[in-house]
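Hello,

Here is the structure I promised to pass on. Please open it first, then read the notes below alongside.

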Amino acid sequence: MFEYEGMTDAALSISSPAPAGDEIRALRSRIQQMQATKLDSRSVRTHPALESLLPGGSLKAGSAYSVERSTALVMALMAGPSADGVWCGVVGMPDFGLEAAAGFGIDLDRLALVPHPGDEWLTVTAAMADVVGVVVTVPPKRVPDSAVARLQARIRQREALLIVLGEWPQSEATLRITESRWTGIGSGHGYLAGRQAMVSATARGGLGRPRRARLWLPDGDELFRPVEGQVGAGQVGAGQVGAGSVGAGQVGAGSGFERARPRILHEVAS
């Protein structure tokens, strides 16, 4: 789908300078500190429903985030930057649902897709980081440490965001769904009306306790938002679906996040 002139694996190579004494080592350390300071000062807005889960309440430019087995959470992470006009690229996800993405507020006019990168996964993902601000990808089962380091360096250099569906060793945070329950199905009849999920986020290195939030993913009005009121784990009250009221963290028309369409439910079931 895309051609990138001169973009080869060699373009990702980062030469390691030969050992050269204390002055060079000190200079290298100073440069790394300056880069860290620059990146730490730049935050990228995330979806309001996820703010309480992320360190600092936002995404950090030049960093990677991983999501375990949930395309819906991937889309939620993409929604904030996309609503701010940032281009997003998705690599290696042939089942990425465009209708569901639009429902989360992702601007399809600023979305690039490479469903089948094949053996060129590393080259395509790195090239995508050169042209978009958010790169979403599914890595191969085995990624060499050298490839991880090279891609992470490219993300830092471009001050992009890398969102990985799966494990990633240098993630700022890892998000996962630990509990999930759909509503709307009665005694053998009815239709899916909403999904309530417990989302957990673990910071880099597993430091500190995981942060948790119970979210509608989505609710009966196709909105992605925190659950209001006291609801026990895995329990959903019938009166909580389809109320249409706007509460804290709820996102609707006019906020930069589009309302989802009724047909997206089957696309965000993961």
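This is a predicted model: local features need pLDDT of at least 70, side-chain atom pairs count only at pLDDT 80 or more; totals for chains, interfaces and linings use all residues.

Val132 sits in the loop that joins H4 to S6. Is Val132 buried or exposed? Its relative accessibility is 9%, and the cut-off for buried is under 20%, so Val132 counts as buried. Leaving out residues up to four places away in sequence, Val132 touches Trp87, Cys88, Gly89 and Ala160. Ala112 is 20 residues from Val132 in sequence, with 8.4 Å between their C-alpha atoms.

H4 covers residues 121–131 and is mostly covered, with nine of its eleven residues buried. Those buried residues are Trp121, Leu122, Thr123, Val124, Thr125, Ala126, Ala127, Met128 and Ala129.

The axes of H4 and H5 come within 9 Å and cross at roughly 10°. Angles under 35 degrees count as roughly parallel, therefore H4 and H5 are roughly parallel to each other. On the H4 side, the contact is made by Trp121, Leu122, Thr125, Ala126, Ala129 and Asp130. On the H5 side, Ala147, Arg150, Leu151, Arg154, Ile155 and Arg158 take part. By type, the residues of this contact divide into seven nonpolar, one polar and four charged.

Now the cores. The largest nonpolar core has 40 residues, and within it Met78 and Leu175 touch the most other members. Which helix gives this core its largest share? Helix H2 (residues 71–83) does, with seven residues. Another core lies apart from it and has 20 residues, including Val124, Val135, Leu151 and Ala160. As background, nonpolar side chains tend to be buried together in soluble globular proteins.

Leu175 has contacts well beyond its sequence neighbours within four places: Leu50, Leu54, Ser66, Val67, Glu68, Leu73, Leu77, Ser200 and Ala201.

H2 itself is largely enclosed by the rest of the structure, because twelve of its 13 residues are buried. The buried set is Thr71, Ala72, Leu73, Val74, Met75, Ala76, Leu77, Met78, Ala79, Gly80, Pro81 and Ser82. Its length also checks out. At 1.5 Å a residue, the 13 residues of H2 should span 18 Å, and its end C-alpha atoms are 18 Å apart, which agrees. Just after H2, Gly85 takes a positive phi of about 90°.

One more residue to look at is Val44, in strand S1 (residues 43–44). Val44 has a relative accessible area of 13% and is buried. Beyond its neighbours within four places in sequence, Val44 is in contact with Ser58, Leu59, Ala61, Pro81 and Leu161. Gly57 is 13 residues from Val44 in sequence, and their C-alpha atoms are 9.5 Å apart.

Last, the chain as a whole. How many helices and strands does the protein chain have? There are five helices and eleven strands. Of the 270 residues in the protein chain, 45% are buried. Among contacts with a separation of 6 or more, 65% join residues 24 or more positions apart.

Over to you.

Best wishes

Note on methods. Residues are numbered from 1 along each chain as its sequence is written. Side-chain values use heavy atoms; hydrogens and water are left out. A nonpolar core is a set of buried Ala, Val, Leu, Ile, Met, Phe, Trp, Tyr and Cys residues joined through side-chain atoms within 4.5 Å. Buried means under 20% relative accessible area, exposed over 50%, partly exposed in between (1.4 Å probe, protein chains only). Helices (H or I, at least four residues) and strands (E, at least two) are DSSP runs, numbered from the N terminus. Contact means heavy atoms within 4.5 Å. The expected span of a helix is 1.5 Å times one less than its number of residues. Axes are lines fitted to C-alpha atoms, for helices over the stretch in contact, and angles run from 0 to 180 degrees between N-to-C directions. Angles under 35 degrees count as roughly parallel, over 145 as roughly antiparallel, 65 to 115 as roughly perpendicular and the rest as oblique. Ala, Val, Leu, Ile, Met, Phe, Trp, Tyr, Cys and Pro count as nonpolar, Asp, Glu, Lys and Arg as charged, and the others, Gly among them, as polar.
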